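I am opening a new notebook page for this structure, and I want to set down what I looked up in the order in which I looked.

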Amino acid sequence: MMALATSAPVKRAVVQTLRASPSLVSAIAGGIHEGIAPRKVRYPFIVYQLVSAPYRRQWGGVILETLFDVSVFAENPVDANNIDALITTALNEAVLVMDEQDSMLCRRVADLPTGPDIDSEGKRIYQVGGTYSVWAHQTL
Amino acid sequence: MIDFEAIAQAIFDNAVAALGEGAVIVEGRAKARARVRNLFGIEHEDVPNKYIGNTEALREARGGEIGADERMVVGKAPTHLKAGGFRSNQRRNWRHRRLAMAERGLADYKAGIHEKPALDRHGASEVKTKRALFVGSTKVGKGIGASIGGRLRGEIYAEAPSVSGLQAESWVISPTEYAKYMEFGTRHNRAFPFLRPAAEESREEIVGLIADAVREASRTGGSSMDIEIVVRL
């Protein structure tokens, strides 16, 4: 019997898909970070976070239904929205490549209701992003 | 005669009630996931930080017997409470004790009495500015309850299902101002989602509840049927 795969390969596949987009990579000066970006990172940058990952068991397999928040932090709203659109292009309906799981679905399901914020240096920054639903099937 | 309208109404009412139950399940899960700030950074003589250790000590002293509900109150009893023994209203007193402990910790912190004060720096600031003080609807004694921390968790509630036409909806609400920042994160803090995971985890259970309710109503909905037998000769 195969070992149950966790959300880690899904996370890795999401980041790989983002990194595979040259226009997106050239647009983000601060890189891609999980959870929170370090203080001194340059804008704009991307932060992703796993929201939930419940398993749905079926006969002969298991589906991992993950939700990810992917946000852009930028110094102006235009950059933030443009990069968010690039992320959507890269991730929405993408087929993720994972070792032990099959990509079933990768879709943007919601926009994040976030707004401008002030960072530690007093600069106004804009957070724009969305929630992505990623389903991965594993045959057991 | 079969009153299909009455049967459909019975099914609908049962499904709405199940939706309400589902919302309560989500509320419970969201509360379990909502973060509570830990203000007590370092162990203090009155603050039992290591609950499990204390519980084990008590278990040993009692020859292996201890109630599950006694875990939270192990430690030194504050002087304003009855000395010794465990009381039936432990949870209420625990809230009171946390408040008293935090205030005492703040006083110690200000006076610099202890090298290792009960509150950490962040906790002292939270207590001083009363940001950590959450006054909720939970009753302590005869008044309104107050506790240190737990505001996010304490304010989550599920609304009763509302029906509009042939649709019903139920909301689980976290009205705390900073709930959004906890759910989605900010530049300074990572997200600690609590509402969406609770909803996602409960999805199947709620669908099951509603399906059961519909099944039950369609079975018992037969009581709305009245069979009229007419014999024609």
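Is the crossing of H1(A) and H3(A) left-handed or right-handed? I keep in mind that I am reading a predicted model, and in this model I find the crossing of these two helices to be right-handed.

I then looked up how H1(A) and H3(A) pack, and noted an angle of about 115° with the axes 9 Å apart. On the side of H1(A) I wrote down Val14(A), Thr17(A) and Leu18(A), and they meet Ile87(A), Ala90(A) and Leu91(A) of H3(A). Sorted by class, this contact has five nonpolar residues, one polar residue and no charged residues.

Next I turned to the largest nonpolar core, which has 35 residues, and I found Val14(A) and Ile87(A) again among the members that touch the most others, a group that also includes Phe68(A) and Ile83(A). Helices H1 and H3 of chain A each give two or more residues to this core, as do strands E2, E4 and E7 of that chain, and the largest share, seven residues, comes from E4(A).

Last, I looked at where the chains touch, and the contact takes 17 residues from chain A and 14 residues from chain B. On the side of chain B, H7(B) gives the most, with four residues, and by class this side has four nonpolar, four polar and six charged residues.

Methods. Residues numbered from 1 in each chain as written. Chains lettered and ligands numbered in written order. Predicted model: local features only at pLDDT ≥ 70, side-chain atom pairs only at ≥ 80, totals over all residues. Contact = placed C-beta atoms within 7 Å. Nonpolar A, V, L, I, M, F, W, Y, C, P; charged D, E, K, R; others polar. Core = buried A, V, L, I, M, F, W, Y, C linked by C-beta atoms within 7 Å. Buried ≥ 20, exposed ≤ 12 C-beta atoms within 10 Å, placed from the backbone. Axes fitted to C-alpha atoms, helices over the stretch in contact; angles between N-to-C directions. Left-handed = near helix turned anticlockwise from the far one by under 90°.
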